[in-house]
Number of protein chains: 10
Amino acid sequence: MANVELTQTLLAAKKAKGLTFADLETVIGCDEVWIASLFYGQASASEEQASKLVETLGLSTDLIPELTKFPTKGLGPVVPTDPLIYRFYEIMQIYGMPMKDVIQEKFGDGIMSAIDFTLDIEKIEDPKGDRVQVTMNGKFLPYKKW
Amino acid sequence: MANVELTQTLLAAKKAKGLTFADLETVIGCDEVWIASLFYGQASASEEQASKLVETLGLSTDLIPELTKFPTKGLGPVVPTDPLIYRFYEIMQIYGMPMKDVIQEKFGDGIMSAIDFTLDIEKIEDPKGDRVQVTMNGKFLPYKKW
Amino acid sequence: MANVELTQTLLAAKKAKGLTFADLETVIGCDEVWIASLFYGQASASEEQASKLVETLGLSTDLIPELTKFPTKGLGPVVPTDPLIYRFYEIMQIYGMPMKDVIQEKFGDGIMSAIDFTLDIEKIEDPKGDRVQVTMNGKFLPYKKW
Amino acid sequence: MANVELTQTLLAAKKAKGLTFADLETVIGCDEVWIASLFYGQASASEEQASKLVETLGLSTDLIPELTKFPTKGLGPVVPTDPLIYRFYEIMQIYGMPMKDVIQEKFGDGIMSAIDFTLDIEKIEDPKGDRVQVTMNGKFLPYKKW
Amino acid sequence: MANVELTQTLLAAKKAKGLTFADLETVIGCDEVWIASLFYGQASASEEQASKLVETLGLSTDLIPELTKFPTKGLGPVVPTDPLIYRFYEIMQIYGMPMKDVIQEKFGDGIMSAIDFTLDIEKIEDPKGDRVQVTMNGKFLPYKKW
Amino acid sequence: MANVELTQTLLAAKKAKGLTFADLETVIGCDEVWIASLFYGQASASEEQASKLVETLGLSTDLIPELTKFPTKGLGPVVPTDPLIYRFYEIMQIYGMPMKDVIQEKFGDGIMSAIDFTLDIEKIEDPKGDRVQVTMNGKFLPYKKW
Amino acid sequence: MANVELTQTLLAAKKAKGLTFADLETVIGCDEVWIASLFYGQASASEEQASKLVETLGLSTDLIPELTKFPTKGLGPVVPTDPLIYRFYEIMQIYGMPMKDVIQEKFGDGIMSAIDFTLDIEKIEDPKGDRVQVTMNGKFLPYKKW
Amino acid sequence: MANVELTQTLLAAKKAKGLTFADLETVIGCDEVWIASLFYGQASASEEQASKLVETLGLSTDLIPELTKFPTKGLGPVVPTDPLIYRFYEIMQIYGMPMKDVIQEKFGDGIMSAIDFTLDIEKIEDPKGDRVQVTMNGKFLPYKKW
Amino acid sequence: MANVELTQTLLAAKKAKGLTFADLETVIGCDEVWIASLFYGQASASEEQASKLVETLGLSTDLIPELTKFPTKGLGPVVPTDPLIYRFYEIMQIYGMPMKDVIQEKFGDGIMSAIDFTLDIEKIEDPKGDRVQVTMNGKFLPYKKW
Amino acid sequence: MANVELTQTLLAAKKAKGLTFADLETVIGCDEVWIASLFYGQASASEEQASKLVETLGLSTDLIPELTKFPTKGLGPVVPTDPLIYRFYEIMQIYGMPMKDVIQEKFGDGIMSAIDFTLDIEKIEDPKGDRVQVTMNGKFLPYKKW
């Protein structure tokens, strides 16, 4: 669904420039995860963000319309096979019901929005092995009764 | 797969006692999400944790073996239909590849463990609508080359 | 997932009393579709709404906790086989992309909430054959950039 | 299944001309959602509608046969991953049975046609956040007994 | 989904009475296939039809509400395994596109209704082996343009 | 699985010549549905039928081997999304068991062949809306006991 | 789908009597594989065959109607997990296309019937390890052209 | 998975030479079904077999490495749609359990190998309609206990 | 598919007796993994092994027939959700093709038998974290050419 | 998902050079299975390993970035059809629960890592038929309680 060629072009340019997503965060003023989402056709940039990005990566401004359009989103396979991505599927399988109960006990009947939502990744250094910390923050949306 | 009756018994006792998972956190000394996992047959307690739990809930000690055994884990349906749980599936679909790239850029080829792992849920009060904050923290496991 | 017995009990009592969902709308003060959702374990009532409902249907107050709990939602089969329900699947298959484009052209990148959402059904009399009118109304949620 | 290239050509021309689907509604005399369906290969135009469309978009009349043929319809993936489109799947999952009951209570055993059917999208401005209103209107088809 | 017990009760009574569906056709005044649909919870009878049926089968009038309700329809497994039923799936797989083209060439863009629809089965005696003749007759529904 | 290019070539030539499948029926001496099956790679022609067809359509005799080979048959997606084709899937879902019972009551344990089989489509004019009549005729094959 | 209890009863009685399927072949006068099919609800017996079977197994004549009815057939899971049964799935996966080509080269476009069909299993003793020989014999059914 | 182009090349050359698989059996000294497996990328030839084959078909020796490599095997779709191939799936669905019981009664707990395995197809002429005879012969492999 | 009650009975008795699978290995004279397979209905015991097992566990000899019958094997869900079991699915997904190439390079075209097969699990103590060692040993089965 | 062209290039060069994976093990200093994983896009090399590999295979250094990137891993089809690979799926289906029980009895609640993991394949010569020995060795990861 995503524009695979665009993803390849962006990743290749980023590699050629020796830039990390964290470097792009500084330039674009958006979180590195959000920028990676843009690379993978899972988010849409403003004209200004797209311009800065193609300029930074030394790419043609012809890419701007692709970066600003509203993409059809999603990864594809129903159960992902990549081990890193699968672990998030597993977390949903194992902790889905517990999270539902704890969230709804705190907030009532409703959900955590995945749209009014941010996701942050941090490296927590630890002598026993560094740790990945993923912080998801989404607006609570209570079910409307009508 | 999970022991549905055990789950029902535990939830009913908790409701009857007017306790929240946060209250149980104080008693058992473990996070409320972990305790909810125990309720849903997704984790195994020590003898001591199981004893404290049944005592607090006013349940029979006969339940202890069920609480301490190593359960066969997982929710079941391939794509969950409950909206709250689905949002975590959606996050995996939309942010799976971006998370993979950002994590591997920071850590190298490997994954975030879903076993040496903690998950914390907090309510962030916000005048524009309270927010759910989910913090996942898993050890980074680099691929071994052999 | 839903509590099938509860659904059966509620439907049988409603039939025995000769009540329609529209009648219940008048009593409970909520839309008939929402009340039907409650019957099918897809919504949670307040204590007051649940009391009124069991009283109106001549059922035991023991059902109140079931009606006020936060249910695990969803119909189950991936592609529904019932023809009436399938037509809504078909509408999503045929008009999904067109709706996406028209909505996002009017609102920008984002979605229509299915949580902050109402759904109304009306009978439009028509000499050439009566028509079903379904009005869905959901808050637009723009994608957050972070 | 749909002719992806045709879709791309039409969308690109529309963007180049700076036209919205609402603008095309005025030109073609059909609803914007129906026109978007035509763009996505989910509807067939008359010769006259197709001519007006290619003329308005500055495209070749060679596209007319593609626009007037009777397409093989549908989106493809069984459960859509795009969040906007998924919400309509979720509505079917959550409100499918309630809608069935309310519709059949009002009309008897039968269905809402998805063929003798219109779909309208409106933006409802609201200070607490604009709302998407989707109105579906389909002929009720009673089951024939024979 | 269908009420399996009801089906069993009806079939057992019909067997005990030594009646065929064709016999019931004479009594009820509806086609044998339609009556079989009623047995399998795929159609709803009028009060009068249901009364005649239970009387003919020597069953309790308590079954009437089950026979007159609007059932949730469908067989269940996505691809049927029973060889007789599978052949109809195969016909759809092999002749689906050809039927679509021939029907739409004769009628324009639209479908054959499966609701305003009758289905008749006849035995055609043939010295080289008797033949099953299935006649489906459904109203053509043209796509509405709006 | 089918040879999509061959299908496109045949359909385009038929359109260019302004011929219907009914016209081809007259030329080839086979039913229009069978000819449409040939177009969609679901049947194999004799040398003579293939020659007549390419001649009538003004196409190269190079296509004859493709038309006479024994194709690997089938539509592909497990549950079709095109509404016209889906209705035949729905008929199998709703009337599968009833047809099984009526056929087996008339014939004994066995099936209707989908190979020694013909399928005819007729337009039944009707002031209340024209009707599609599909007549399937297949040899009854009794289960062999051995 | 099959009547699991009937299967269990028959197997238990056969075990208690110390009979093999080959023994039953002698009594009933039908092949042991066909008799096993009857045990598993995949075939229907004549009154006489059913009587002989229940008599031989020392079971009640109440089972006769279950043995003579026309069962809804099939194993169930789409891909079988039992290793012995899976091997037949594998043979279809690996040798499906080669068998199709060789059969159709010998017979023309058509299929091997699985209804006018027998299946025989023999033990071929071999010093290097005994071998299972499965002989399938089905009528060739040529595609009808119409 | 299979090398489709190689299959096409081999089939075209065979057709051009007017050879049947039975003719190739004489030349290569292997069964026609095995040779068809080689054509469809489901078996690997020795250097000598591959040489003879390309020579007989008048093809380049460049194809030899493709013919001698160890292919990744299998047909692909989970449930095949081609009617001839599907019948083998149906046989597994209907006769899977009966075959399991008869084989294990004769041999003990174990399976028929699909690797140390041969498959032969014969045409049995019959005035009532020719018959396809498929003989499968596989080594019995008893489960090892350890 | 497996006899869940039997599994529960065996596990409960083993727990009550305070025995490990390793203890049972000493008693029965078979590997602990094979004994666990027997517990889960994935293997069949000899009369003698079954007798020793029920005696050791203090269970009724009535269980012997269940332990000696040839079970229908397999776990069930297509993709397992339990994290420990999933890792073996993941190993197949990630290392399937590499294992195929290395095995076939060493042995030629063929497979590792999963029937003439043993599986051993050992705990390798390691100061950096103990390790699980799984040793699979299966007979190589070369593809037969015929 | 994997880079199929890269795989083909590497395999072709290896074949042309007449090298086995075991030969590459000597050159690269990593296990042959791990090297095969690299060929199939299931592992990432260091710059040095990639350099040695392309040099040994006589390939361009342009391939180095592809060999050192962190691939999206996995085979693809949910249930593999290749017989060699399927056997590992079967082992998971048959021995999944027994392995879970034996591992957790030895180690407690947790899993065998498939990341901090090695896999070794050996040929065990045996007069009754050589055997494949696969040794998997993964770190035990205990579930963290928090």
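Colleague: Why are H2(C) and H4(C) called oblique to each other?

Modeller: This is a predicted model, and in it the axes of helix H2 (residues 21-28) and helix H4 (residues 47-57) of chain C cross at roughly 130°. Angles over 145 degrees count as roughly antiparallel and 65 to 115 as roughly perpendicular, with the rest oblique, so H2(C) and H4(C) are oblique. The crossing is right-handed, and the axes come within 10 Å.

Colleague: What makes the contact between H2(C) and H4(C)?

Modeller: On the H2(C) side you've got Leu24(C), Val27(C) and Ile28(C), and they meet Gln49(C), Lys52(C), Leu53(C) and Thr56(C) in H4(C). By class, that contact has four nonpolar, two polar and one charged residues.

Colleague: How do you know that the span of helix H1 of chain F agrees with what it should be?

Modeller: H1(F) covers residues 4-16, so 13 residues at 1.5 Å a residue should span 18 Å. The end C-alpha atoms of H1(F) are 18 Å apart, so that agrees. After H1(F) comes Gly18(F), with a positive phi near 65°.

Colleague: Which element gives the largest share of the side of chain D that touches chain C?

Modeller: Overall, 57 residues from chain D and 57 residues from chain C take part in that contact. On the chain D side, H6(D) has the largest share, with 23 residues. Helix H3 (32-39), strand E1 (110-124) and strand E2 (131-142) of chain D also give two or more residues each. That side divides into 33 nonpolar, 11 polar and 13 charged residues.

Key: Residues numbered from 1 in each chain as written. Chains lettered and ligands numbered in written order. Predicted model: local features only at pLDDT ≥ 70, side-chain atom pairs only at ≥ 80, totals over all residues. Helix = DSSP H or I, 4+ residues; strand = E, 2+ residues; numbered from the N terminus. Expected span 1.5 Å × (residues − 1). Axes fitted to C-alpha atoms, helices over the stretch in contact; angles between N-to-C directions. Parallel < 35°, antiparallel > 145°, perpendicular 65-115°, else oblique. Left-handed = near helix turned anticlockwise from the far one by under 90°. Contact = placed C-beta atoms within 7 Å. Nonpolar A, V, L, I, M, F, W, Y, C, P; charged D, E, K, R; others polar.
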